[in-house]
Amino acid sequence: MDEIINKVATSKLEVFDLEDHYPKGVRSQVDISQWLLEGFLLKEKDFREHLKNHDWTQYQGQFVAVNCSTDAIVPAWASILVTIQLAPFAKKIVDGNIDDLNAALYEELLAKIDFSAYVNKSIIIKGCSQKPVPTRAYVLAAQYLQPYARSIMYGEACSAVPLYKAKK
């Protein structure tokens, strides 16, 4: 009887797992609509009073997304004013939702990685993750890997989708 060989385990594929690089830290969202009249109308005096009375220390050391969950038209200065209140406490602040926050964190993180270790290698960008890795992070990873890689696939070794193959 022939021995069963696990070709995936013995292959020279390199797995690039974005989950391994997931920035650790608490993520929070500050919804400006909570300080708008009926969630839609910004009255500057009331808005400033709400911000003054809010406990900003609860965001100490956190990654924070600032957004408005309603269809209110909010002036740009409102998000900036919230950011100024958050700045002494939050580790990072972005305008947008939690996905935008995660994407911004990955943008910073991926820019610092030395991808030269992937020169002339076949790479699989691992697709399944337990953590919320945004699509933008996968797109950025592919951009950073492409100049170095011989080939790039996406998914798992047993069912990878080919994305790129360097010209010989």
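**Close-up 1. A nonpolar surface patch in the predicted model.** A patch consists of residues with over 30% relative accessible area and no salt bridge, and nonpolar side chains are joined into one patch within 5 Å. In this predicted model, Leu 37, Phe 40 and Leu 41 form a nonpolar surface patch of about 300 Å². Leu 41 lies in the loop between β2 (27–31) and α2 (44–53). With a relative accessibility of 48%, Leu 41 is classed as partly exposed.

Close-up 2. Asn 67 belongs to strand β3, which comprises residues 63–67. The relative accessible area of Asn 67 is 15%, so this residue is buried. When residues up to four places away in sequence are not counted, Asn 67 is in contact with Gln 29, Val 30, Asp 31 and Ile 32, and also with Gly 96 and Asn 97.

Close-up 3. The structure contains zero disulfides. For Cys 128, the closest cysteine sulfur is that of Cys 158, at 8.8 Å, which is too far for a bond because a disulfide requires a pair of cysteine sulfur atoms within 2.5 Å. Cys 158 likewise takes part in no disulfide, its nearest cysteine sulfur being that of Cys 128. Cys 128 is exposed, at 51% relative accessibility. Cys 158 also counts as exposed, with a relative accessibility of 69%.

Definitions and conventions: Residues numbered from 1 in each chain as written. Predicted model: local features only at pLDDT ≥ 70, side-chain atom pairs only at ≥ 80, totals over all residues. Heavy atoms only, no water. Patch = residues over 30% accessible without salt bridge, like charges linked within 9 Å, V, L, I, M, F, W, Y side chains within 5 Å. Areas by Shrake-Rupley, 256 points an atom, 1.4 Å probe, with all protein chains shown as cover. Salt bridge = Lys/Arg side-chain N within 4 Å of Asp/Glu carboxyl O. Helix = DSSP H or I, 4+ residues; strand = E, 2+ residues; numbered from the N terminus. Buried < 20%, exposed > 50% of the residue type's maximum accessible area, 1.4 Å probe, protein only. Contact = heavy atoms within 4.5 Å.
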